[in-house]
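Subject: Structure for your review

Dear colleague,

Please find below the structure that I am handing over to you, together with its sequence. My findings follow directly after it.

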Amino acid sequence: MRVELTVNGERREADVWSGESLLYVLRERLGLPGAKNACEQGECGSCSVLLDGRLVCACLVLAAQADGHELVTVEGLGEDGGLHPVQEAFAETGAVQCGFCTPGFVVATVAVLEKHPNATREQISKGLDGNICRCGTFVRIMEAAMKAKGVARG
């Protein structure tokens, strides 16, 4: 079957089979490797994307379910070739170790700050609850999120 979706502001099409995950389509069919394939069970948040503005784990969404919808991946957060303020905050605070979880945490942080531009530490913590960093960089991730608050996208 053919799906059509808007990914990072660009209309895209892909031929998929009915059981194919959105994560697989993003990575393998559309060449967007930012969302990571880790648990494939929606437990780690490494594949976090925004689907019609809502944070989802791309491993749990069938590509067919995304047909006709709008997606934003970590690759599409910045504007005019620049970094999104959350991406800048992650870089400035060193909120990475191995970096595998970073794209998912960045997208989740953007989602939290779009909903709560002046989020409290508790709101940010709750919003990032579905993401796991196996290296233990949580303190710096929280620092980055707090630094970026108030600069919600669009």
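This is a predicted model: local features need pLDDT of at least 70, side-chain atom pairs count only at pLDDT 80 or more; totals for chains, interfaces and linings use all residues.

Five strands make up an open sheet, arranged in the order 2-1-5-3-4, and their pairing is mixed. Strand 2 (10-15) and strand 4 (54-57) each have a single partner strand and stand at the edges, so one side of each is left without a neighbour in the sheet. On average, neighbouring strands of this sheet are turned by 40° against each other, direction ignored.

Strand 1 (residues 2-7) and strand 2 run antiparallel and are joined by six bridges. Within this pair, Leu 5 has Arg 12 in strand 2 as its bridge partner. Strand 3 and strand 4 also run antiparallel, with four bridges between them. In this second pair, Ser 48 stands opposite Cys 57 of strand 4. Strand 3 and strand 4 form a hairpin with two residues between them. In the turn of that hairpin, Asp 52 has a positive phi of about 50°.

Helix 1 (residues 22-29) lies across strand 1, strand 2, strand 3 (48-51) and strand 5 (70-72), and runs at about 100° to strand 2. Helix 3 (residues 102-115) also packs on the sheet, where it touches strand 3 and strand 4. The direction of helix 3 makes about 40° with that of strand 3.

Which residues of helix 1 are buried? They are Leu 22, Leu 23, Val 25 and Leu 26. These buried residues pack against strand 1, strand 2, strand 3 and strand 5. After helix 1 comes Gly 31, which has a positive phi near 70°.

The largest pocket holds about 200 Å³ of space. Strand 4, helix 3 and helix 4 (121-127) each supply at least two residues of its lining. Helix 3 gives the most, with four residues. The lining of this pocket includes Arg 54 and Leu 55, and also Ala 111, Val 112, Glu 114 and Lys 115. Further lining residues include His 116, Gln 123 and Lys 126. Sorted by class, the lining has three nonpolar, four polar and four charged residues.

Finally, two residues may be of use when you inspect the model. Thr 102 is placed in helix 3. Is Thr 102 buried or exposed? Its relative accessibility is 12%, and Thr 102 therefore counts as buried. Not counting residues up to four places away in sequence, Thr 102 touches Phe 90, Ala 95 and Val 96.

The other residue is Gly 94, found in the loop between helix 2 (85-93) and helix 3. Leaving aside neighbours within four places in sequence, Gly 94 is in contact with Thr 137 and Arg 140. Gly 94 and Leu 32 are 62 residues apart in sequence, and their C-alpha atoms are 24 Å apart in space.

Yours sincerely,

A colleague

Note on methods: Residues are numbered from 1 along each chain as its sequence is written. Side-chain values use heavy atoms; hydrogens and water are left out. Two strands pair if DSSP finds at least two bridges between them. Axes are lines fitted to C-alpha atoms, for helices over the stretch in contact, and angles run from 0 to 180 degrees between N-to-C directions. Contact means heavy atoms within 4.5 Å. Buried means under 20% relative accessible area, exposed over 50%, partly exposed in between (1.4 Å probe, protein chains only). On a 1 Å grid over the protein atoms alone, a cavity is a set of points where a 1.4 Å probe fits but cannot get out, and a pocket is an open set with protein on both sides within 12 Å along at least five of seven lines; lining residues have an atom within 4 Å of a point. Grid points are joined across faces, edges and corners, and a volume is the space filled by probe spheres set on the points. Ala, Val, Leu, Ile, Met, Phe, Trp, Tyr, Cys and Pro count as nonpolar, Asp, Glu, Lys and Arg as charged, and the others, Gly among them, as polar.
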